[in-house]
Amino acid sequence: MNRRSFLSTAATVAGAAAMAPLLSACGDGGGRKAAANTAAGLKSALPTYLANAGAVKPDIAPVAGGADAATDPAYLSYPAHPPTSVSGVPGKGGSYTAVTPLWGTNPPAGNSFFQAMDKALGIELTVKPADGNTYDTIVPTMTAAKKLPDWINLPAWWNAKFNTGSLVGAQLADLTPYLSGDWIKKYPNLAALPTGAWQDGVWGDRLYGIPCFSTSFGIPGATFYRRDVLEARGITPDQIRSADDLMHLGKELTDAKRGVWAFDDVWTYLQTAWNVPMNWRIEGGKLVHPFETQEFLEALDWHYRLATSGFMHPDALAGDNANGNTRFYSGKTLIGGGGLGAWNLADHQSGTAADPKYRRGALDALTADGKGTPVIYMGASSSMISYLNAALKPAQIEELLGVADYLAAPYGTAEYTLVNFGVEGVHHTRVNGVPTFTEEGKKDVQATALPFLAAPASVISNPGGDQVTKDYAAWSAANVKYLTKPPFWGMNFSMPQAISVADAAQSVNDTLKDCYHGKKKVSDVQAAIAAWRSGPGERLKQWMTTEVLDKYGAGR
């Protein structure tokens, strides 16, 4: 992914941050194309938000930021007696198929977990997980043949390849009559999902998608550091307020003779310190691309100087991102950028296995000059969206929405426990009060695809790793006030293929990567930008201005 498409996205997916473009582009394939949303149309399509009165009270309550921004609630223990959130069985005996991406081992078909879920849901649901690594090639084959399953997950970062804007209303069902406004009150667990997450499923003033893994703290990631190592040297985040502070810290921490470098890659998550815009900035009513800003050049100059300073690990400079965590755990690097999904129990366990003192921390948002108020641009509230087949009858849609409501039961409820851990005594047992998979559970439940159809809003929970939860929650609370919506936040619209290619700006981004790895100079990037701006860049800006900004505004 290039920097801008990457930073345009954020949502937690099974404990990992998955990213999805705000500007959901569609190809030039046949079929109708959904236009962008108007302000009035979007308002009428969105469901009414209704907090879930039956949700388990968190140990650390959410902290509100600006509009649509809040930290995720945090839990330090799992309820001993999970409450129920759904009355009765939602299904009426229907038989359905579903396809979702899966990054892991495919569970056996018809296993004991799926049987238990069918009984609880009151339907026969045949789930066919597909390889997440090739999912972007699998789905277009189904849509071309018009053979979609009854229920499918379409990750938003692949909207361009899926032609989602052409599928809505044609192959994907319009859910507006069932979920917009107060209609959603029939499904209280779905009504408790963040409004911003529903916005990611609205196309052309109509609601089509059901959000999965939603959050009101949708940001790309952070600049992490080895808290245990830095604190042992008397270094705390409040001492690091500017880019100069970071460069001085790099000199202090680097000891190449011992195989220790201060930095791994930090470009993707650190450049907002210079207030580099996400996708676009609007000045005097006109669009300004990040490549056109002085802030972009200043950020790039600093990162080039970092790459040539000797403070960055040689493997990072060579583009080896696959082993970044290994370097971090072993203390070979002490500062590096990453998605927020990295801050979890599994990370803690891997880190302490390498070094018993391991503790992850994240730098608070900062400004390059140490002055003013930092900015953290918000990404999508949900980038995993599921859709129902347009061929379904109204009664079938209502039945599956009832099932979705069950799957969206909040953290710690009886329904959540079954969906995520299976049947107690069969798929999991309680170990120190925490649901823990049995061998059968590891095989059948751990790689489940059901949350990719519907899921509750994200929470912070690391049973057995309370310090991780406390650290993450505290950092989120300290930084939520900096969250800001970029222009066109949450707007879905169809972008012609040629414009989508221009938006990718591959030639610029290839040169850019070489620059922040010290292989090319800032002037080389400027030359690549000049060539791009004179052709593709100008066409992109013109299209965005006439087809989106002038017609629909900047959203937010």
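In this predicted model, helix 13 (residues 294-307) packs against helix 22 (residues 506-516) at an angle of about 45°, and their axes are 7 Å apart. That angle makes helix 13 oblique to helix 22. On the helix 13 side, Phe296, Leu300, His303, Tyr304 and Ala307 take part, and they meet Leu512, Cys515 and Tyr516 in helix 22. By class, this contact has 7 nonpolar residues, 1 polar residue and no charged residues.

Next comes a sheet. Strands of a sheet pair through backbone hydrogen bonds, either parallel or antiparallel. Here 5 strands form an open sheet with mixed pairing, in the order 5-4-6-17-9. Strand 5 (124-131) and strand 9 (210-212) each have a single partner strand, so one side of each is left without a neighbour in the sheet. On average, neighbouring strands of this sheet are turned by 25° against each other, direction ignored. Strand 6 (residues 151-155) and strand 17 (residues 384-388) run antiparallel and are joined by 5 bridges. Trp151 has Leu388 in strand 17 as its bridge partner. Helix 4 (residues 135-144) lies across strand 4 (95-102), strand 5 and strand 6, and runs at about 130° to strand 6.

The model also holds 3 cavities of 30 Å³ or more. The largest cavity has a volume of about 280 Å³. It is lined by 20 residues, and the closest to its centre are Gly221, Ala222, Tyr269, Thr272 and Ile376.

The lining of the largest cavity divides into 15 nonpolar, 4 polar and 1 charged residues.

Notes: Residues numbered from 1 in each chain as written. Predicted model: local features only at pLDDT ≥ 70, side-chain atom pairs only at ≥ 80, totals over all residues. Heavy atoms only, no water. 1 Å grid on protein atoms, 1.4 Å probe; cavity = no way out; pocket = protein on both sides within 12 Å on 5 of 7 lines; lining within 4 Å. Points joined across faces, edges and corners; volume = space filled by probe spheres on them. Nonpolar A, V, L, I, M, F, W, Y, C, P; charged D, E, K, R; others polar. Axes fitted to C-alpha atoms, helices over the stretch in contact; angles between N-to-C directions. Helix = DSSP H or I, 4+ residues; strand = E, 2+ residues; numbered from the N terminus. Parallel < 35°, antiparallel > 145°, perpendicular 65-115°, else oblique. Contact = heavy atoms within 4.5 Å. Pairing = 2+ DSSP bridges.
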